[in-house]
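This report describes a protein chain for a reader who meets it here for the first time. Please keep the sequence and the structure in view while reading.

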Amino acid sequence: MQCPRSDFAFAKPLRLLNAAQYRAVFDSAPVRAAQPQFLILARPNDLGHPRLGLVIAKKHVRNACDRNLIKRIARETFRLQQHQLFALDAVVLARSGAGELDSAALAKVFNKLWRKLDQRARNPQPDNGQNNKPRANQGRKPRRGGKSRTSAQAQPPNTSTSGDQQ
């Protein structure tokens, strides 16, 4: 006899499936939740249920078994809390140090992040224009070699128009 199907499944409608769906979250993510090891970016959706995407880079978590553990626990905590979460498209990003956490610590971190994300989605903070400002060096290539400029070198010479000039 087959068990009745639970409504706590993690089926395809609860996943971000293609690059366009991920790009939409990366391009505009008004809701964020962060810990030193993880960042969750999210944006509201019109589907009535949350969706999850995972980006666990080899650059930050070297061992495949550690990456798989992180993904497994992220999916599991999301699956168990999906009915309490606001309708969001969320992407979990791993940062360096995520691979050092054990299963219990990962579950604790993810549960905390899901609660924080849900709270921020339900009570959005007013945008005061701070988030939309580009960074000072965004789009600029870093300088290679040579001396770095000091504040004295970067300022133009004093060109005052007082009477002491000849």
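At 33% relative accessibility, Arg-75 counts as partly exposed, a class that lies between buried (under 20% relative accessible area) and exposed (over 50%), judged with a 1.4 Å probe and protein chains only. The model is a predicted one, in which local features need pLDDT of at least 70 and side-chain atom pairs count only at pLDDT 80 or more, while totals for chains, interfaces and linings use all residues. Residues are numbered from 1 along each chain as its sequence is written, and side-chain values use heavy atoms, with hydrogens and water left out.

**Overall arrangement**

The chain holds 4 helices and 4 strands; these are DSSP runs numbered from the N terminus, helices being H or I of at least four residues and strands E of at least two. Their order along the sequence is α-β-β-β-α-β-α-α. Of the chain's 166 residues, 31% count as buried.

**A charged patch**

Arg-75 belongs to helix α2, which spans residues 64–81. Together with Lys-12, Arg-15 and Arg-72, Arg-75 forms a patch of positive charge on the surface. Such patches are made of residues with over 30% relative accessible area and no salt bridge, like charges being joined within 9 Å and nonpolar side chains (Val, Leu, Ile, Met, Phe, Trp, Tyr) within 5 Å. Lys and Arg count as positive and Asp and Glu as negative, whereas His and the chain ends are not counted. The place of a charge is taken as NZ of Lys, CZ of Arg, CG of Asp or CD of Glu. Accessible areas come from the Shrake-Rupley method with a 1.4 Å probe, and for residues only the protein chains shown count as cover.

**The strands**

With β3, by contrast, β4 pairs in the parallel sense over 5 bridges, and Gly-53 has Val-91 of β4 as its bridge partner. Because 7 of the 7 residues of β4 are buried, this strand is largely enclosed by the rest of the structure. From β4, Leu-88, Ala-90, Val-92 and Ala-94 point one way, and Asp-89, Val-91 and Leu-93 point the other way, all of them buried.

**Salt bridges**

Side chains of opposite charge can pair when their charged atoms come close. A salt bridge is counted when a side-chain nitrogen of Lys or Arg lies within 4 Å of a carboxyl oxygen of Asp or Glu, and the count by this rule is 3. The table lists them.

| Salt bridge | N to O distance |
|---|---|
| Asp-89 and Arg-51 | 2.9 Å |
| Arg-79 and Glu-76 | 2.8 Å |
| Asp-118 and Arg-122 | 3.0 Å |

The salt bridge of Asp-89 with Arg-51 links distant parts of the chain, for Asp-89 is in strand β4 (residues 88–94) and Arg-51 in strand β3 (residues 51–55), 38 residues apart. Both Asp-89 and Arg-51 are buried.

Arg-79 and Glu-76 are separated by about one helical turn, because they are 3 residues apart in helix α2. Arg-79 is partly exposed at a relative accessible area of 21%, and Glu-76 is partly exposed at 36%.

Asp-118 and Arg-122 both lie in helix α3 (residues 103–122), 4 residues apart, or about one turn of the helix. Asp-118 counts as buried at 14% relative accessibility, whereas Arg-122, at 45%, counts as partly exposed.

**Contacts across the chain**

Ala-24 lies in helix α1 (residues 19–27) and is partly exposed, with a relative accessible area of 25%. The C-alpha atoms of Ala-24 and Arg-43 are 8.3 Å apart, with 19 residues separating the two along the chain.

His-60 is placed in the loop between β3 and α2 and counts as partly exposed at 31% relative accessibility. From C-alpha to C-alpha, His-60 and Ser-96 are 4.5 Å apart in space, although 36 residues apart in sequence.

Terms used: Pairing = 2+ DSSP bridges.
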